[in-house]
Each structure stands twice: as structure tokens, then as C-alpha cells.
Amino acid sequence: MKVNCPICSKAVVWSTDSEYRPFCSKKCQLIDLGEWAGEERKIATAAEPKTPATPMDIEEIEAMLSQQPDDFFKH
Ligand SMILES: [Zn+2]
């Protein structure tokens, strides 16, 4: 049985001798892992703008505390 390397499309014999199957070589396997890691980085970067709200959170907490009645702090 043969498969084609997903990176370079070279025919790879599917057997225990083909250590890097479905890739033809360690190089193609590493290229694939690198592309996968690149995707992970893209997702991480895209998620970053979702959490710039720390100054807002402090303002919200201060506003909340200032709205509490005085006896809230006495209990
Ligand atoms: Zn290859």
C-alpha cells in the first residue's frame, strides 16, 4: 500500500519501515508540524484583542463599590 506525502505528494510505502508515514521524510513531517504550530499562533494572536479590558474592570469595580450603601462595609 502506498500513500502520497501530504507535503510534497511523493509516494510513501505505508509500512512499519516508513517511520514518518504518511510523510515521506522527517523534513515533511516537521513542515507539517510547523504549519500546525503556525495555525495555533494565528488563533492565539486573534484571541488577544478580546482581553484589553483590565482598566475598565477596575473602573467598574470602583463604580460598584461607590454605589454600595455605607452599611455594606460594616457587616
Ligand atoms: Zn514529503
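C24 is found in the loop between β2 and α1, and α1 covers 26-47. Helices (H or I, at least four residues) and strands (E, at least two) are DSSP runs, numbered from the N terminus. This is a predicted model, in which local features need pLDDT of at least 70, side-chain atom pairs count only at pLDDT 80 or more, and totals for chains, interfaces and linings use all residues. Residues are numbered from 1 along each chain as its sequence is written, and side-chain values use heavy atoms, with hydrogens and water left out.

Back to C24. Its relative accessible area is 27%, so C24 is partly exposed. The cut-offs are these: buried means under 20% relative accessible area, exposed over 50%, and partly exposed in between, with a 1.4 Å probe and protein chains only. Leaving aside neighbours within four places in sequence, C24 is in contact with C5, C8, K10 and V12. Contact means heavy atoms within 4.5 Å.

Now the metal. What coordinates the zinc ion? The SG atoms of C5, C8, C24 and C28 do, at 2.3 Å. Donors are N, O and S atoms within 2.8 Å of the metal (3.2 Å for Na, K and Ca); water is not among the atoms, so sites may look incomplete. Along the chain, the spacing of the donor residues reads C-x2-C-x15-C-x3-C.

Why is the arrangement called tetrahedral? Because the four donor atoms subtend angles of 103 to 119 degrees around the zinc ion. The rule is that four donors count as tetrahedral if all angles lie between 85 and 135 degrees; four count as square planar and six as octahedral if opposite donors are over 155 degrees apart and all others between 65 and 115; anything else is irregular. For reference, the ideal angle for four tetrahedral donors is 109.5 degrees.

There is also a record. An unreviewed UniProt entry places the feature "binding site" at C5, C8, C24 and C28. These residues span 24 residues in sequence, yet no two of their C-alpha atoms are more than 8.1 Å apart, so they gather at one spot. UniProt positions are given in the numbering used here, feature names are shortened, and annotations may be inferred rather than shown by experiment.

Two of the other cysteines, in turn. C5 has a relative accessible area of 2%, so C5 is buried. C8 has 40% and is therefore partly exposed. C8 is found in the loop between β1 (2-4) and β2 (11-13).

Phi of S9 is near 65 degrees, a positive value in a residue other than glycine. Is S9 buried or exposed? At 51% relative accessibility, S9 counts as exposed.

P6 is found in the loop between β1 and β2 as well. P6 touches P22 and F23, not counting residues up to four places away in sequence. The C-alpha atoms of P6 and D32 are separated by 8.3 Å, although these residues are 26 residues apart along the chain.

P22 brings us back to the loop between β2 and α1. The peptide bond from R21 to P22 is cis, with omega near 5 degrees. In general, most residues other than glycine have a negative phi, and most peptide bonds are trans.

R21 itself lies over the face of W14, at 5.6 Å from the ring centre. A charge sits over a ring if NZ of Lys or CZ of Arg is within 6 Å of the ring centre and within 35 degrees of the ring normal.

One more residue from the loop between β2 and α1 is S18. S18 has a relative accessible area of 16%, so S18 is buried.

Last, the whole protein. How many helices and strands are there? There are two helices and two strands, and from the N terminus on the elements run β-β-α-α. Buried residues make up 9% of the 75 residues. Of the contacts with a separation of 6 or more, 5% are between residues 24 or more positions apart.
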